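These are my notebook entries on a complex I went through chain by chain.

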Amino acid sequence: MPRLSAAIRHRIGFKLNGKPVSVEAEPRLLATDALRHGLGATGTHVGCEHGVCGACTILIDGAPARACLTLAVQLEGREVTTVEGLAPAPDRLSVLQAAFRRHHALQCGFCTAGILISLEAFLREQPKPSEQELREVVGGHLCRCTGYTPIIAAALEAAALLRRQPQVLAAESIDV
Amino acid sequence: MKAEVISWTGQSVERVEDAALLTGRGRFIDDLGTRPGTLHAAILRSPHAHADILSIETGAAAVLPGVVAIVTGRDLAKLTTPMVAGLKVAAENWPMAVERVRYVGEPIAIAVAQSRYLAEDALDAIEVAYRPLKAVVDPVTSMGEGAPVLHEKAGANLVSDRRFRYGEPEAAFAAARTVSVSIAYPRNTGSPMETFGVIADYDPHEDVYDILANFQGPFSIHTVLARALKVPGNRLRLRMPPESGGSFGVKQGVAPYAVLIGVAARIAGRPVKWIEDRLEHLGAAVAATNRVTTLKAAVSAEGRISALDWDQIEDCGAYPRAPEPATLYRMHGNMTGAYDIRHVAMRNRVVLTNKAPTGLVRGFGGPQVYFALERLMQRIAVELQLDPLDVIRRNLVPAGAFPYRTATGALYDSGNYQAAVEQAVAGRLAALEKRRDEARAAGKRYGIGFAAAVEPSVSNMGYITTVLTAEERRKAGPKNGAQATATVSIDPIGSVSVHVASTPQGQGHRTVLAQVVADIFGLPHREIRVVADLDTGKDAWSIASGNYSSRFAAAVAGAAHLAATRLRDKLALIAADQLKAEPKQIGFAAGAVFAKGNPGKTIPFGRIAALCHWSPALLPDGVDQTIRETAFWTPPQLGAPSESDEINSSLCHGFIFDMAGVEVDPASGRARIDRYVTMHDCGRVLHPGMVEGQIRGGFAQALGATFYEELAYAEDGAFLTGTFADYLLPTATETPDIEILHIETPSPFTPLGAKGVGEGNCMSTPVCLANAIADALGASEINLPLTPAKLAALAAGPEQAQPSTTRATVSVARPGDRSLRGEGEARVAAAPEAIWAMLLDVDTLASIIPGCHGVQKLSDTHFKADVTLGVGPVKGRYKAEIELSDLDEPRAATLTGSVSGALGTGGGSGRVTLTPDSAGGTVIGYAYEAAVGGKVAAIGGRLLDGAAKAIIGQFFAALARRAAPSKPGFFARVFGRRA
Amino acid sequence: MKPAPFDYLRAGNLDEALAALAEYGSEARIIAGGQSLLPMLNMRLAKPLVLVDIMSMAGLDQVRREGEMIVVPAGVRQAALLRRPGLASEQPLLAAALPWLGHYQTRARGTVCGSAAHADPSAEIPLCLVALDGEIRLRSRRKRRVLKAAEFFSGMMVTEKADDELIEAVAFPAARPGAGYAFAEVARRHGDFAIVGCAVMVEAGQIHLAVAGVADKPERRSWPRLDGSALDDALNAFAWELDAREDLHASARLRRDLVRTLGRSTIEEAGRCLA
């Protein structure tokens, strides 16, 4: 049985946004720290480290998880998706991200990564969400800037766009 | 020049900030790289609300792997001076405790190590010995006789007592009826999603501190920091990261940590990084002040108010930290709100208590003031049997009276309050009343509330000096103004950049500045590049710089407009020279510079813009350069306080009128917001989407303040809301959609006609909702937060009696008293004398004290023990002391115990009685009262009751087992019961 | 806020996990979904020497039927139970209660057995186990034993589980023909721990009401099919017997009131399902 000693670092391998990565971790290293400081994926933010605020939400094998309540060693062999993996290309936004921008669904942007991740997972499960369902999903996050309504509006619009043309609209270019 | 034809400004363009934030490329402080070898800090904090520090033992921590330094308050005191405060009080403002702790969460020591993990390991190994002192948390109690004094040199906890008089308030009160309200406004905070962060470095050769912090200003604090660090201002280079994860005023409070981490870096000899965690943030970052207010109005039978009498007792926590007592004085000019009231009496007292220091929080003084003022308006209507809206209407400042000078000195810039109110209620109020009537007919508790508020923005840097007497002010020299700065520069290919000292924290400053500047040059807004991360070592800034007092749109965007205009006017001179046209004919549009009325005379913008770099010899007379223009702008209307204490505390005064329909379910105590309408006049709207975002965000925070949020303390000063499980922010399921309305009366005092808008709903919404609930429940006294228990208690009648068949419940604790009480008994098959002997025997105690690792006897009745205590997985090692007193051998004794450890402290006492039963055994009875403090109280509130009960129960169960080990089953029934 | 050091064991099967528990006792903690344990580790409220991760074991992640029991092994996440096809008819109480359990994100990680082991007095899974008279299946290297929910939960986050035991599975009785079920909860915010949660099963001749959030563990009472003032009186007596907690989020009085009002409306709802 693999037993990882507290005293030393262990090499942990997993897939991050589709690419194999590895990071050195003591057993106690949180997944947030491994992702952010070990792998430079700083888009996943840390807001409370006790699993309430949702800023650090990532996907592990497609299901949402609080990265602050996950140990780096628990990522071994898993498929991890972070906010860096949502856009189809570096200079493009996903449908959901573009809807967030249109609806001013972010201000400081600190909580946004986690919310995008949760909605990404939920819209895959439920392509025709009701406003109430979306409010309950976003209810697992704290946002201090927006008052939430623009986030719900963006998610509803993104869901509608994805239903209409899931393939064509999988990405939208940034016209900068 | 004449006002520009605005094209980008006023449009809800997509924000330039968003793409990076949405794709995880934001650059918040913890996302930035650090220099190789940078160390990490963790901060040890006080578990006591008030205690003398007897010793700090750092030896064991210092030798742990990876630990580089342990910094204590004494180390700090050697290298720094206390932080300067706004009040002249003999209270030393150290950012880390030196000899005494005065609030739970106060820094005690800093561990600096190779990682945050190792630094936290070191904290666990530091041992601090305290002598606990009596604590005081209530501001009124704190002013009273016998209250423990926090700062002995100051002599008392009341550190400021100022009386003000404007007009003839006594005569007005003598001639009219008085209506009054009493309010205890609670403590809450802005709680940005990103916590504080500091990365500091120190150069011993140049004596320079280089500190990166997600500070937000005001940069008057830079002077406080430089003085504390004992360097001139030019040797404290303070830098801000490009992004900051919200602030809402709170990140002003990172300032003391700039000192702490700066000193830690100096001692460690390497750069040091510290990222605050959420427990630290909730417990010790920045709280809004809690305030006790009595407000009286002299009012006619028709509800016209002739005078107000304010009595405000402000609680600034343990240290009067700069810029406090600014929360109390920011509203000074607009203490009459939206109303035309010419006579005002005011008494302002500032009190210190054993709670975390206060500071900037969105609304900054407004929530406290308007809660009292607008509750008063509702009470006037109820007591005089008038329509509450009519009372508001009758007192509004007349539409033709602007600019309007208030009794206390503010100059309201513009407005039409009547039009705003009428536009908001038109059609909507009748519909709301219909909903109310239908709900009430169906037996529901439904009410309507209103609130009108004047939202000040662009603070006068001199308003804080109103706390001083006129004579003290003369001595100190006048302070006033609100310097805003912006720099616009043009590079050698003619592209335009903007630099500002506005330290945005999510508001989209870069987008709006691009819009404003693009309009001046006739360029697409996407071609303007805005940099907003400030470096005090290089950028233009002044004491008023920063992101507070809703000053961006009015002051900073205005300064950028001015800088761009100056540059544009010079470019126009160049173009006129090149095109052989008159300067006044020159226009800028669509990326070109042209002579109006002459289509042939057009040059690309870049050509003119770059000329100064490439061909300065071609500059016409009177044009020095067009490379960079920095505008400094301060409004002349912001003077120092007058001899008679009038102060124009803010430049701009927006207007808000809110209206709400709320239904309360009396059974669950839950309130449902049925309708919420908020009308704003924030002058010219520069970006409607962002203005809406500010209003929605402010509303959501206000919703939190109304129903969910309180930084709660027990009477003994234990802090109780250290996690997001106890300090509750509203989520998407609690936050309703609202209706937002606008009228625009542009400010004549600001370059763009804009006023601030970010804080208004934090002022108007809590009291509007409280007024609706007061209307629904017929309640007169209402204090926040309106928890289900409070609302249910207001709505409910007497409780259904306890049936005699159930056992009696012991009386409930006083409100605010969260100590743990309990009692129980154990039956033991041994005589009282045998039990008595066991209670005084070291070996027995060692075997029955739960989790005991050994007992040391200090005297016959005094023992020390080392114990591991816990419930479920929550376990910690503690030092315990147990003392027996009031001995009545072998019948009764009082047991007093205390424990302290990394998880916190606990103490309590109980009376143990030993009663012989008929079978030769003993009934051991016990009743206890205990209190828990420190980390466990702050984060495990829900656990405590159960833990205390379980641990005390375990002790007596073990005693029972030990007393009669041969008869298990007979004695082992231990009944625990809590009060 | 970072955990103290610990060793980490990724158990490949139950025997490995049980061996670790036998060796380390109270110094070892099982980690499954981690939604309750990790906050305690991060805050250093808990400092185990060893964490035993059971989520890589095969065969523990499938809900199964054993006769009338819905058996939920240790590796089943809350979201998986909620998504179980036909749950609303198989056991309507679970289908009604699970959406109240934390949030979408925490249900995706948290396990059903983990919630039982944590034994929060306000939690929905312990409440449903007590309401339905479900069972907790414990296993150590020495033995297996099965406890009724009412026996298992003994106090605030305290259970009868020994240090060398883990919860192998919990089992909920499936809906009985002729029984009605209902669930209701009042919390400060959606997803918070309940101020009061009520879970009801009504049968032809009996009412069973279990209440969470009031006492230091979920408590159940059973009565004949009372109504009118007789039911009010029974609920009032129950409310007082529970010795309600007073805390930051609610008063004891509100908790008693909710046992009376929410208890009654939940019983009535379950009765309507029956009719």
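**Entry 1: chain A against chain B**

I began with the area buried between chain A and chain B, which is about 4,100 Å², with 58% of it on carbon and sulfur atoms. Buried area here is the accessible area (1.4 Å probe) that two parts lose on being put together, summed over both. I note that this is a predicted model: local features need pLDDT of at least 70, side-chain atom pairs count only at pLDDT 80 or more, and totals for chains, interfaces and linings use all residues. Residues are numbered from 1 along each chain as its sequence is written, chains are lettered from A and ligands numbered from 1 in the order in which they are written, and side-chain values use heavy atoms, with hydrogens and water left out.

I then listed the residues in contact (heavy atoms within 4.5 Å). Chain A gives 53 residues and chain B gives 55 residues.

How many salt bridges cross between chain A and chain B? I found five salt bridges there. The rule asks for a side-chain nitrogen of Lys or Arg within 4 Å of a carboxyl oxygen of Asp or Glu. One salt bridge joins A:Arg36 to B:Asp30, with the closest N and O atoms 3.0 Å apart. I also counted 20 residue pairs in polar contact between chain A and chain B, both residues at pLDDT 80 or more. A polar contact is a pair of N or O atoms within 3.5 Å; within protein, one must be able to donate a hydrogen and the other to accept it, and residues adjacent in sequence count only if both atoms are side-chain atoms.

Next I asked which elements of chain A face chain B. At least two residues each come from α1 (31-38), β7 (92-94), α2 (95-102), α3, α4 and α5 (149-164) of chain A. Helices (H or I, at least four residues) and strands (E, at least two) are DSSP runs, numbered from the N terminus. By class, this side of chain A has 24 nonpolar, 17 polar and twelve charged residues. Ala, Val, Leu, Ile, Met, Phe, Trp, Tyr, Cys and Pro count as nonpolar, Asp, Glu, Lys and Arg as charged, and the others, Gly among them, as polar.

**Entry 2: one more salt bridge**

I searched the whole structure and got 92 salt bridges over all chains. I picked out A:Arg144 with B:Glu709, at 2.7 Å from N to O. This pair crosses between chains: A:Arg144 is in the loop between α4 and α5 of chain A, and B:Glu709 is in the loop between α19 (688-708) and β28 of chain B. Side chains of opposite charge can pair when their charged atoms come close.

**Entry 3: chain A against chain C**

Here 37 residues from chain A meet 36 residues from chain C. The buried area is about 3,100 Å², and carbon and sulfur atoms give 54% of it. I counted 16 residue pairs in polar contact, both at pLDDT 80 or more. There are three salt bridges. C:Lys2 forms a salt bridge with A:Asp33, the closest N and O atoms being 2.9 Å apart.

On chain A, the elements that give two or more residues are β1 (3-4), β4 (57-60), β5 (63-66), α3 (112-125) and α4 (131-138). That side of chain A has 19 nonpolar, nine polar and nine charged residues.

I also found strands pairing (at least two DSSP bridges between them) across the two chains. β1(A) runs antiparallel to strand β1 (residues 7-10) of chain C, over two bridges. A:Leu4 has C:Tyr8 as its bridge partner.

**Entry 4: domains of chain B**

Domain bounds come from an automatic or database domain assignment. In chain B it gives domain 1 (34-133 + 196-275), domain 2 (154-184 + 287-466 + 639-793), domain 3 (483-633) and domain 4 (820-978). I checked domain 1 of chain B against domain 4 of chain B: their C-alpha centres lie 40 Å apart. Four residues of domain 1 of chain B contact six residues of domain 4 of chain B. The two bury about 310 Å², 65% of it on carbon and sulfur atoms. I found zero salt bridges between them and one residue pair in polar contact (both at pLDDT 80 or more).

**Entry 5: strands of chain B**

Strand β26 (residues 650-665) and strand β27 (residues 670-681) of chain B run antiparallel, joined by eleven bridges. B:Glu663 stands opposite B:Arg672 in β27(B). The two strands form a hairpin with four residues between them, and B:Gly669 in the turn has a positive phi of about 70°. β27(B) also runs parallel to strand β28 (residues 739-742) of chain B, over four bridges. There, B:Thr678 has B:Ile740 as its bridge partner.
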